[in-house]
Amino acid sequence: MSTVERLVVIVLFEGVDLLDVTGPPEVFSLVQREMDDATGYRVVLAAETTAPVTTSAGVRILPDLSFREASARSIDTLLVPGSVEVDSRRRVHALTDPVVVGWVKALAERSRRVASVCVGAHLLAAAGLLDGKRATTHWSTAQQLAADFPAVAVDADPIFIREGDVWTGAGISACLDLSLALVADDFGEGVALRVARQLVMYLKRPSGQSQFSVPLEPASTTRRIDDLRLHIARNLAGPLTVAGLAAHAHVGERQLTRIFKAELGTTPSAYVESARVERARNRLESSDETLERIAATCGFGTTDTLVRAFRRQLDTTPTEYRRRFRTGPA
């Protein structure tokens, strides 16, 4: 069986943020565990030379090849991390080295897609790759990005944004969400969700979630609740009553409610609604499906129920949410 290898090139330079460099490869390395075929990613680090690069954390990293050598390759994904400096008033400023910017522009021409991690968006913008596009970055430098590059439509809220073959991600742990989205784009939502579970990120977050106020799902501490959550995720279109969930877990309804309260701090019904809203958000972002179709496939039954759930949990409507956070084809 032939092996399909996707070459991922991560850009390195002095002062680069360490997590921006190390986070995505961890996600990509887990893909092979979830694949039946020998299909996956080959990650290489590229810098101006192959001399060690000192990151912002003081950890030194050894590049695999130079930018010039990378430019001779056919690149599947070019990942561009960033770096910042903090002034005496603790204000954060993104840095852009003209030499690195030039190589980013050249390497992007050899790449199927390009993605920035955190303040790496400033490098993409300086290379002209975000002109006329909507983009995000870490909230602390979003104002700078908008001021320095007026041709870029900066949105500081989402954790990542896709504009065709150009992706931009928000800061810190959002690099994992961006990487999972790239995996989903390559291999489907099922593989991405299984990788997310390996990372103890029970459900991967869709792009529209805010980098300011999104509570991550707490990790399960018992197999029973983990099985229930997986059962719910797989059967959102069904009734998912408290009685049905209790029967699935082989416990009484009162015991089921106590389990959910103790493990997740919520009731079974509230958790099911949250899971359905999460699924609906994903469909609104990435598909052309009607609200009626989304309401049916996510288990709401009617659009009125879908709208009420969105107002309760997100203080908005499904239509407004789609208008703002749509990432799929228009």
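Contact is defined here as heavy atoms within 4.5 Å. The model is a predicted one, in which local features need pLDDT of at least 70 and side-chain atom pairs count only at pLDDT 80 or more, while totals for chains, interfaces and linings use all residues. Residues are numbered from 1 along each chain as its sequence is written, and side-chain values use heavy atoms, with hydrogens and water left out.

**Exercise 1. Leu124**

Determine where Leu124 is placed and which residues are in contact with Leu124, leaving aside neighbours within four places in sequence.

Solution. Step one: Leu124 belongs to helix 4 (residues 121-126); helices (H or I, at least four residues) and strands (E, at least two) are DSSP runs, numbered from the N terminus. Step two: Leu124 counts as buried because its relative accessibility is 0%, where buried means under 20% relative accessible area, exposed over 50% and partly exposed in between (1.4 Å probe, protein chains only). Step three: with neighbours up to four places away set aside, the contacts of Leu124 are Val80, Val104, Val114, Ala115, Ser116, Leu129, Leu130, Val166, Trp167 and Thr168. Step four: for Val104, 20 residues from Leu124 along the chain, the C-alpha separation is 7.3 Å.

**Exercise 2. Thr77**

Which side chains make polar contacts with the side chain of Thr77?

Solution. Step one: locate Thr77 in strand 6 (residues 75-80). Step two: with 0% relative accessibility, Thr77 counts as buried. Step three: a polar contact is a pair of N or O atoms within 3.5 Å; within protein, one must be able to donate a hydrogen and the other to accept it, and residues adjacent in sequence count only if both atoms are side-chain atoms. Step four: the side chain of Asp76 is joined to that of Thr77 at 2.7 Å, and the side chain of Arg113 makes a polar contact with it at 2.8 Å. Step five: residues touched by Thr77, beyond four places in sequence, include Leu7, Val8, Val9 and Leu182.

**Exercise 3. Aromatic pairs**

How many aromatic pairs does the structure hold? Describe two of them.

Solution. Step one: rings of Phe, Tyr and Trp (its six-membered ring) pair if their centres lie within 6.5 Å; planes under 30 degrees apart count as stacked, over 60 as edge-to-face and the rest as tilted. Step two: there are six such pairs. Step three: Tyr41 and Phe187 are edge-to-face, at 5.7 Å centre to centre with 85 degrees between the planes. Tyr41 lies in strand 2 (residues 39-47) and Phe187 in helix 6 (residues 174-187), so this pair ties together parts 146 residues apart in sequence. Both Tyr41 and Phe187 are buried. Step four: Phe67 and Trp103 form a tilted pair, 5.9 Å centre to centre and 35 degrees between the planes. Phe67 is in helix 2 (residues 67-70) and Trp103 in helix 3 (residues 98-108), so the pair ties together parts that are 36 residues apart in sequence. Step five: Phe28, Tyr41 and Phe187 form one aromatic cluster.

**Exercise 4. A hairpin**

In which sense do strand 12 and strand 13 pair?

Solution. Step one: two strands pair if DSSP finds at least two bridges between them. Step two: strand 12 (residues 160-163) and strand 13 (residues 166-169) are antiparallel, with four bridges. Step three: Arg162 has Trp167 in strand 13 as its bridge partner. Step four: the hairpin has two residues between the strands, and Gly164 there takes a positive phi near 65 degrees.
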